Amino acid sequence: MGKVLVLDHPLIQHKLTYIRDKNTGTKEFRELVDEVAMLMAFEITRDLPLLDKKIDTPVMETETKVLAGKKIGLIPILRAGLGMLDGMLKLIPAARVGHVGLYRDPKTLQPVEYYVKLPSDIEERELIVIDPMLATGGSACDAIQALKKRGAKQIRFMCLIAAPEGVEKLKEEHPDVDIYIAALDEKLDEDAYIIPGLGDAGDRLYGTK
């Protein structure tokens, strides 16, 4: 069963307050999301495996640790997920990046893939799916399913703010996926907006309405 981890580091919570604030402008909002993504990347990579390595310091030979070369893939869900990508890459610059774009057909309510571009070896990679919001959970579940049908086996999901309804849907449809969030909010309103939330992450990142 996948874990649900709330990353309640004080710096994450501090910056999240200003991300939520309606008076925070686009430039500052974008910078804060980037910073929080980097801090979350620090937490989400805490269990990466290490190997021993012998090096020469200016004083002597010693044995220390390096990453064991586990392959990471970062998969932002278009478009808002892109706002968290650069922050992740600052800490994991060797990660490969894929993109998943989906919309829901208004008549059939089925997910439609309009853009999926992934590393060729995703079955060998630990994939981190990135989206600022987990509201109903529909987009996250559809994106993860799109990865699985292409061979992905190790997937984590990361977002800034989640509603309990979205967490439950993701746990139900993909029980093997660990979920990393900066804050678990109260609920969804009748329009499926997260309460108290932060508004529409894509619009606030890119200055659109």
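This is a short tour of the structure, one selection at a time. The model is predicted.

**Stop 1: the largest pocket**

Start with the largest pocket. Its volume is about 740 Å³. Its lining is made up of 29 residues. Select Asp131, Met133, Ala135, Ser139 and Asp200, which lie nearest the pocket's centre. Now colour the elements that give two or more residues to the lining: strand 6 (99–104), strand 9 (133–134), helix 4 (138–148) and helix 6.

**Stop 2: helix 4**

Which element gives the largest share of the pocket lining? Helix 4 does, with four residues. Select this helix and show the rest of the structure around it. Helix 4 has 11 residues, and eight of them are buried, so the helix is largely enclosed by the rest of the structure. To see the buried ones, pick Gly138, Ala140, Cys141, Asp142, Ala143, Ile144, Ala146 and Leu147.

**Stop 3**

**Stop 4: Ile194**

Zoom in on Ile194. This residue sits in strand 13, which covers residues 194–195. Is Ile194 buried or exposed? Its relative accessible area is 6%. Buried means under 20%, so Ile194 counts as buried. Now show what surrounds it. Beyond its neighbours within four places in sequence, Ile194 has contacts that include Met133, Leu134 and Ala135. Ile161, Ala162 and Ala163 are also among them. Asp185, Lys187 and Leu188 complete the set.

**Stop 5: Asp200**

Move along to Asp200. Here you are in the loop between strand 13 and helix 6 (201–206). Asp200 is partly exposed, with a relative accessibility of 31%. Look for Arg79 and Tyr193, which Asp200 contacts when neighbours within four places in sequence are left aside. Then draw a distance from the side chain of Asp200 to the backbone nitrogen of Gly202. The side chain reaches that nitrogen at 3.0 Å.

**Stop 6: Glu126**

Now jump to Glu126. This residue is in strand 8, which spans residues 126–130. How does Glu126 count, as buried or exposed? Glu126 is buried, at 7% relative accessibility.

**Stop 7: a hairpin**

Select strand 2 (residues 50–56) and strand 3 (residues 61–67). The two strands run antiparallel, and seven bridges join them. Together strand 2 and strand 3 make a hairpin, with four residues between them.

**Stop 8: Lys22**

Finish at Lys22. You will find Lys22 in the loop between helix 1 (10–20) and helix 2 (26–44). Lys22 is exposed, with 76% relative accessibility. How far apart in sequence are Lys22 and Leu198? They are separated by 176 residues, yet their C-alpha atoms are 7.5 Å apart in space.

Definitions and conventions:
Residues numbered from 1 in each chain as written. Predicted model: local features only at pLDDT ≥ 70, side-chain atom pairs only at ≥ 80, totals over all residues. Heavy atoms only, no water. Buried < 20%, exposed > 50% of the residue type's maximum accessible area, 1.4 Å probe, protein only. Contact = heavy atoms within 4.5 Å. Polar contact = N/O pair within 3.5 Å; in protein donor to acceptor, adjacent residues only side chain to side chain. Pairing = 2+ DSSP bridges. 1 Å grid on protein atoms, 1.4 Å probe; cavity = no way out; pocket = protein on both sides within 12 Å on 5 of 7 lines; lining within 4 Å. Points joined across faces, edges and corners; volume = space filled by probe spheres on them.
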